[in-house]
Amino acid sequence: MEKYQHYINGKWTDGSSKETISVVNPANGKDIGQVVCAKSDDVNAAVEAALNSYKSRVLVDMLPMERAKLMRSIANELRAVSKEGGKLLCHENGKLLANAEYEFVDGANYFDYYSGMTDKLEGNTIPVNNKVVDYTLLEPYGVSGHIIPWNFPISMLARSLACAFAAGNSTVIKTAELTPLATASFFAKAIDNAGVPPGLINVICGHGNEAGANLTAHKDVAQITFTGSVATGKTILHAAADRAVPAVVELGGKSAAIVYPDADLDKVVTSAKAGIFGQAGQICSAMSRVVAHKSIKNELVEKLANLASTIKVGPGDVEGSELTPVISEEQVQKVENYSRSGQQAGAEAVAGGKRVEGDGYFFEATVFDNVKPDMTIAQEEIFGPVLSVLEYDEPEEAIEIANGTEFGLAGGVFTRDLDKATETAGKLEAGQIYVNSWFTGSVATPFGGYKQSGYSREKGQEAIKSYLQVKNVGIQL
Ligand code: ADP
């Protein structure tokens, strides 16, 4: 079985330890590869390589146009490995093959997009008095540490890395232990093939509570970016606070779509297909709740149940599969427990509700009717293909239910009335609002959470601010 390595200082290496982590295909539970496991020495080596490259100013002093060209080369190399890399990603993550391949294309899009910002990192001149010239410079932090989740290993990594790189930072990436393979091999290969100077981008593999914690605690890591669960996000924020360094955190969600009586219900169904059953519901901004007006709720539930019970369950690399497995045995059990808790609390599973028998970690596409706002399945992030439908009568009640969780990542409105849509979009406490659809964003649209869903923004021009610090220069004439 192939062994996958760290990529440190422009070289693939086993690192200091013989310990490896087995990576499993969630569609059948079988081992597909071993990855080396970083210890503190390896984290130190990766940070040292990043710091040395930063101090050498190879990226900082590169002409903005040259930095942009290098980023576009990375984008081209990512596209070139999208087929092969996508296959490996499909096997380690379980997602649809087409979506796995697309992650590399999406990654390329981030590099292309942020390449356009390298020559637009402009400061200001500030009037002080006629004997002082005062201006600001936007400068990178130095070594930026990126902790990557397992649900979109390539997309999420490219999202923060391209931005950090455009700003001139050197980076150390800690892959997720459940899905390190495509990153350690194909992604790192794309970086290498593009001719990125050694040390600017380093990839290490290992456990979160060891390699991840060592990275966030490292004295030379000047900025941290994390995507993952709220609990781990808080641990990372504490680690950042201990050293007073900034952190970008994109955390969980329990996002609600409000469906008004005049809505096109088929649009809600299409959105649910991608929004909660796509990627088996393991998306932080998943459409995990529907808040439907009582006049149309039964009709909508029937349509949603029909979608869920006809969706084709199967491995990501089998033609025609629509619902793929969740990531692990632990995760499928977690989803099962949530499903049980919903039924015990009085919600009705009108479709699905249990684990699919047989190999792998599949869970049925599940729709719960008669969910009440205080039930656990209406409050907690399940991270599985489980949709909770809640009913409302007055519009204020819908907003109250939608805003009534600790999260605030995304929200949706389904209506034909533009006034109602914009008014509701204004009242929802969430970082992104979708109207008559779900996932309308692109690499150019800012993304992030309100409340416990995190802070700072990823994507778009907004995100680059997190990777730059402002220096003020005053010249006495
Ligand atoms: P999960 O959804 O499996 O709970 P996490 O949010 O814990 O995922 O993990 C997301 C990423 O954070 C992974 O790369 C994981 O290795 C990393 N991680 C987990 N715990 C820590 C920690 N204490 N410090 C730094 N990184 C961590």
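The shell around the ligand comprises seven nonpolar, eight polar and two charged residues, where Ala, Val, Leu, Ile, Met, Phe, Trp, Tyr, Cys and Pro count as nonpolar, Asp, Glu, Lys and Arg as charged, and the others, Gly among them, as polar. The model is predicted: local features need pLDDT of at least 70 and side-chain atom pairs count only at pLDDT 80 or more, while totals for chains, interfaces and linings use all residues. Residues are numbered from 1 along each chain as its sequence is written, and side-chain values use heavy atoms, with hydrogens and water left out.

**Ligand surroundings**

- Of the 17 residues around the ligand, those that come nearest are Ile-148, Lys-174, Glu-177, Ser-229 and Thr-232; a residue is near if one of its heavy atoms lies within 4 Å.
- A ligand oxygen atom lies 2.5 Å from an N or O atom in the Glu-177 side chain.
- For the side chain of Thr-232, the distance from an N or O atom to an oxygen atom of the ligand is 2.8 Å.
- In the case of Trp-150, a side-chain N or O atom is 3.0 Å from an oxygen atom of the ligand.
- The ligand taken alone exposes 550 Å², of which the protein buries 77%; accessible areas come from the Shrake-Rupley method with a 1.4 Å probe.
- Helix 7 (208-217) and helix 8 (230-243) are the elements that give two or more residues to this shell, helices being DSSP runs (H or I, at least four residues) numbered from the N terminus.
- Helix 7 provides the largest share of the shell, four residues.

**Helix 2 and helix 4**

- Helix 2 (residues 64-80) packs against helix 4 (residues 97-115) at an angle of about 170 degrees, with the axes 8 Å apart; axes are lines fitted to C-alpha atoms over the stretch in contact, and angles run from 0 to 180 degrees between N-to-C directions.
- The two helices, helix 2 and helix 4, are therefore roughly antiparallel, a term for angles over 145 degrees.
- The residues of this contact (heavy atoms within 4.5 Å) divide into nine nonpolar, three polar and three charged.

**Helix 3 and helix 6**

- Helix 3 (residues 82-93) and helix 6 (residues 181-193) pack at about 175 degrees, their axes 9 Å apart.
- This makes helix 3 roughly antiparallel to helix 6.
- Glu-84, Gly-85, Leu-88, Leu-89 and Glu-92 of helix 3 make the contact with Leu-181, Ala-182, Ser-185 and Phe-186 of helix 6.
- The contact of helix 3 with helix 6 has five nonpolar, two polar and two charged residues.

Conventions. Polar contact = N/O pair within 3.5 Å; in protein donor to acceptor, adjacent residues only side chain to side chain. Parallel < 35°, antiparallel > 145°, perpendicular 65-115°, else oblique.
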